[in-house]
Amino acid sequence: MSGTNGPGGTNLDPWYGQYAERTSGLAASEVRALFAVASRPEVVSLAGGMPYVTALPKDLIKASFERVLSTRGDVALQYGSGQGSPALRERILEVMAEEGIRASADDVVTTTGSQQAIDLVAKLFLDPGDVVLAEAPSYVGAIGVFRSYQARTVHVATDANGLVPEALREAIRAERSAGRTIKFLYTVPDFHNPAGVTLAAERRPEIVDICREAGVLIVEDNPYGLLWFENPPPPPLRTLNPEGVVYLGSFSKTLAPGFRVGWALAPHAVREKLVLAAESAILSPSAFSQLVVTEYLSTADWRGQIAIFRGVYQERRDAMLTGLGEHLPELSWTVPNGGFYVWVSLPPELDAKQMLPRAVSELVAYTPGTAFFADGSGADHLRLSFCHPTPDNIRLGIRRLAGVIGGELDLLSTFSGTGPLHAPRHDRRFSSPPPDIG
Ligand SMILES: Cc1ncc(COP(=O)(O)O)c(C=O)c1O
């Protein structure tokens, strides 16, 4: 193809004009290049949501690997069932029982991480132009999936107690009166990524009732539910309406993301279609990973290990909140009772995305709020992850971040002349009550 390109081609990609329309949604993250820099050891990264796998008992995992290979090697290395290993699906019931879910292994599909479960649900339900309702803000990986099916993510107001029921009612009404088709509500009720908030107990039946009455399926994504700190979250939405909820779970945060094992628990008819979609996507999830996870769950004290993770993350959460309180007392942020994330509100004159290069050059990284809105809004917020750095590094990172924010504000005040830097502002996304102030 020297020198010539196909129709619509460029010198860099001769196939440029030939990709499917839906791939226009497959934009590389604008901050990906910066994150490559941010992974250098001298940078304190409060950006990624990487679990602290160092806290895992590697000897036990190694023993699980070895036992799987020596006792079930031929099964582990073979294709498996599209729905996933029956033995693992039984174990998954035990994990979900910790949260109060009672179900049948027949309604569980194991997937390649819960990310694939999100993709499969989207593939089953979304036509171009369909609406997905989701919290404002919402998990970036889900927004990307919905975009790739050319659906519209409509954000619903969220406050310190999670999704606001009245806002959900209003969004359903508004979308329907505009003639649009709502396919499901995608929600992360426990220790939300990125907002850090948990849907309050009294709101759960209300959210379920709104969706039931409106005929809107709920996709409940719950990878963090067992990683609570002070007290466990209220029972999942799935417990309130098993026929109206597709529940997604994952071993990525309670064990290790490297296995890439997650699952969907779905009403029977949806489950049948999920298996067909999974088979067409990957034939079967990794038999090897599933067997190792099953072996680990059968032989290790996995509940004890989750308790260890809780302790590790709680200490880090505390380090982050203390650091914020000491170094950035003029800002506000959410106070998570579990999970990995704190959502920080910036003064409205700051733009978290524009500020990121400066932060990285000052050796601290975060994720700008814009990543978590389908329309790229959210520049006046940022997400801080406390899961991976040590408490000392978290404190160092927050000190550096305070220096960056202070420097930006000084710069702005130099160029804008007078006026208070921290004028009272109305927070659009956390209406009432405001996020807990640390
Ligand atoms: C809310 C949420 N859902 C799904 C995922 C994907 O997890 P998995 O590793 O199970 O694919 C993540 C990962 O960070 C997440 O935060």
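Helix H6 and helix H7 run roughly parallel to each other, a label given to angles under 35 degrees, while over 145 is roughly antiparallel, 65 to 115 roughly perpendicular and the rest oblique. Before going further, please note that this is a predicted model, in which local features need pLDDT of at least 70 and side-chain atom pairs count only at pLDDT 80 or more, while totals for chains, interfaces and linings use all residues. Residues are numbered from 1 along each chain as its sequence is written.

**Helix pairs**

Two packed helices are described by the angle between their axes and the distance between the axes. Here the axes are lines fitted to C-alpha atoms, for helices over the stretch in contact, and angles run from 0 to 180 degrees between N-to-C directions. Helices (H or I, at least four residues) and strands (E, at least two) are DSSP runs, numbered from the N terminus.

| Pair | Crossing angle | Axis distance |
|---|---|---|
| H6 (residues 165–177) and H7 (residues 203–214) | roughly 15° | within 10 Å |
| H10 (residues 302–327) and H12 | roughly 25° | within 9 Å |
| H11 and H12 (residues 391–416) | about 130° | 10 Å |

On the H6 side, Pro165, Leu168, Arg169 and Ile172 meet Arg203, Glu206, Ile207, Ile210 and Ala214 of H7; contact requires C-beta atoms, placed from the backbone, within 7 Å. Sorted by class, this contact has six nonpolar, no polar and three charged residues. Nonpolar covers Ala, Val, Leu, Ile, Met, Phe, Trp, Tyr, Cys and Pro, charged covers Asp, Glu, Lys and Arg, and the others, Gly among them, are polar.

H10 and H12 are likewise roughly parallel to each other, and their crossing is right-handed. H10 contributes Glu315, Arg316, Ala319, Met320, Gly323, Leu324 and His327, and H12 contributes Pro391, Ile394, Arg395, Ile398, Arg399 and Ala402. These residues divide into seven nonpolar, two polar and four charged.

H12 also packs with H11, and these two helices are oblique to each other. Their crossing is right-handed. Met355, Arg358 and Ala359 of H11 meet Leu401, Val404 and Glu408 of H12, giving four nonpolar, no polar and two charged residues.

**The two sides of H11**

In H11 (residues 352–361), the buried residues are Ala352, Met355, Leu356, Ala359 and Val360. They lie on the same side of H11 because they cover an arc of only 140° around the axis, taken from the directions from the helix axis to the C-beta atoms. An α-helix has 3.6 residues a turn, so residues three or four places apart point the same way. On the face turned away from the buried side, H11 carries the exposed residues Gln354 and Ser361. Buried means 20 or more other C-beta atoms within 10 Å of a residue's own, exposed means 12 or fewer, and partly exposed is in between, with C-beta atoms placed from the backbone. Leu363, which follows H11, has a positive phi near 70°.

Arg238 counts as buried because it has 26 C-beta neighbours inside 10 Å, whereas Glu230 is exposed, with 8 other C-beta atoms within 10 Å. Leaving aside neighbours within four places in sequence, Arg238 is in contact with Ile101, Glu220, Val245, Tyr247 and Leu265. From C-alpha to C-alpha, Glu230 lies 16 Å from Ala160, at 70 residues apart in sequence.

Methods: Contact = placed C-beta atoms within 7 Å. Left-handed = near helix turned anticlockwise from the far one by under 90°.
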